[in-house]
Amino acid sequence: MAGTTQGPRSAVIVGGNRIPFARANGPYAQVSNQDMLIAALDGLVARFGLAAESVGEVVAGAVLKHSRDFNLTRESVLGSRLSSNTPCFDVQQACGTGLEAAILVANKIALGQIESGVAGGVDSASDAPIAVSEGLRHTLLASGRARTPLDRLKVWGGLRPRDLVPATPRTVEPRTGMSMGEHQAVTTSRWQISRESQDELAAASHHNLAAAYERGFFDDLLTPYLGVVRDQNLRPDTSVDKLARLATVFGKGQDATMTAGNSTPLTDGASVVLLASPGWAAERGLPALARFVDAETAAVDYVEGDEGLLMAPAYAVPRLLARNGLSLQDFDFYEIHEAFASTVLVTLAAWQSEKFCHDRLGLDAPLGSIDRARLNVNGSSLAAGHPFAATGGRLVASLAKQLSQRGSGRGLISVCAAGGQGVVAILEAI
């Protein structure tokens, strides 16, 4: 096996591809997760000349997943222009799925187990799985076990009208029954994040994404799909004044500050990233945009404890910094996933809080502030949208290209996820 006689090496990001993200129940309403992931893969294959080629492994996943998609990544590769000999597997870590997939591929490359790999994610809020009720499910299973027609008739005789009502898809935490927005509203109020600061961050996300499109930043990161050429949620002409007119959708009374404008919409889309060993990329004349340095995950107790649902990255980043001998200020770019504007603002406030850093993180001093001009410089989820598993791939590909264009420096990626989890990573220019 390659690499067995040497220490870990670095994986590099060769490049990425995604389809434009679309609002739920819009242009992608009639396509599946598999359709979108194939489109993203084929765009990557075309960009880097991988038709009929086999990479070491493809790792991807979806959060909203039909039972028919139990082998989603493998089926998508079989439907793509990659070689059918390419091994694959699915992974799921809620909103952190895409970044976790990149971590898995990067680690295998670093260990010499593979020379190249594709990481990605896809989600369709339009084509969400609809489950039957528990009553109907148990009836169907019991009917299958019945030995005689009479036994089967008895089973179906126990079915009640209410059992015929399907279970409506809901994006809530199973252990609390609260949506992500409802959870974040509590955290936003606790940290006293103002409505104006949230709207300012949301407006900046749209303006930065629009500017990135105008200068052609996404020309080699995106493949048009079904007539869509730009992220559908993008509003280049939005402003703080326009956002201030929107009604609140999460929170209660005077504490309600979260609106549809400073929260991410339900979105459809897919993204993939090609990673490789430096040698594999060089042999094929492919670029090495950035080095995948390190990563960390964390989880918080949002059920029995008193921590916010989306606060795990605030814990993961300090551990990642300590292991790499870095401070929070040692980065040229910060990609912090905008699940909600207040999620980003709370995380930044926590790192500046002496009490939080001492009591929760066990640090002698706060991590401090960051240069906001380096934050989400090409826009982020508030403007682009957030197909849950696809966001990580978008962040990795965009940050790697930004670092490559700069020619030096490092970047930090931070993604919060449902279930009180967080995934963070460091990339470095080559």
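**Notes on the predicted model**

1. This is a predicted model, and the points below should be read as a description of that model. The protein has 14 helices and 12 strands. Its radius of gyration is 22 Å, close to the 22 Å that the globule rule gives for 430 residues, so the protein is as compact as a globular protein of that length. The C-alpha trace spans about 75 × 60 × 45 Å along the principal axes.

2. Of the 430 residues, 55% count as buried. Taking contacts between residues at least 6 apart in sequence, 79% join residues at least 24 apart.

3. Helix H1 covers residues 33-48 and includes Asp42; Asn33 is also in H1. Asn33 is buried, with a relative accessible area of 2%. Leaving out residues up to four places away in sequence, Asn33 touches Ala62, Leu64, Asp69, Leu72, Val122, Asp123 and Ser124.

4. Is Asp42 buried or exposed? Asp42 has a relative accessible area of 14%, and because the cut-off for buried is under 20%, it counts as buried. Beyond its neighbours within four places in sequence, Asp42 is in contact with Gly79, Ser80 and Arg81.

5. Two packed helices are described by the angle between their axes and the distance between the axes. For helix H4 (residues 134-145) and helix H5 (residues 149-157), the angle is about 175 degrees and the axes are 9 Å apart. H4 and H5 are therefore roughly antiparallel to each other. On the H4 side the contact is made by Leu136, Thr139, Leu140, Ala142 and Ser143, and on the H5 side by Arg152, Val155 and Trp156. By type, the residues of this contact divide into five nonpolar, two polar and one charged.

6. Helix H11 (residues 341-352) has 12 residues and reaches 17 Å from its first C-alpha to its last, close to the 16 Å expected at 1.5 Å a residue. H11 is mostly covered, with 10 of its 12 residues buried. Among the buried residues are Thr343, Thr347 and Trp351, as well as Val344, Leu345, Val346 and Leu348.

7. Helix H14 (residues 391-406) has 16 residues, which should span 22 Å at 1.5 Å a residue; the end C-alpha atoms are 23 Å apart, which agrees. H14 is also mostly covered: 13 of its 16 residues are buried.

8. Most residues other than glycine have a negative phi, and most peptide bonds are trans. At 10% relative accessibility, Ala94 counts as buried.

9. Leu226 is not a glycine, yet it has a positive phi of about 50 degrees. Leu226 lies in the loop between helix H7 (195-214) and helix H8 (240-244). With 49% relative accessibility, Leu226 counts as partly exposed.

Methods
Residues numbered from 1 in each chain as written. Predicted model: local features only at pLDDT ≥ 70, side-chain atom pairs only at ≥ 80, totals over all residues. Heavy atoms only, no water. Helix = DSSP H or I, 4+ residues; strand = E, 2+ residues; numbered from the N terminus. Expected span 1.5 Å × (residues − 1). Buried < 20%, exposed > 50% of the residue type's maximum accessible area, 1.4 Å probe, protein only. Contact = heavy atoms within 4.5 Å. Axes fitted to C-alpha atoms, helices over the stretch in contact; angles between N-to-C directions. Parallel < 35°, antiparallel > 145°, perpendicular 65-115°, else oblique. Nonpolar A, V, L, I, M, F, W, Y, C, P; charged D, E, K, R; others polar. Rg over C-alpha atoms; globule rule 2.2 N^0.38 Å.
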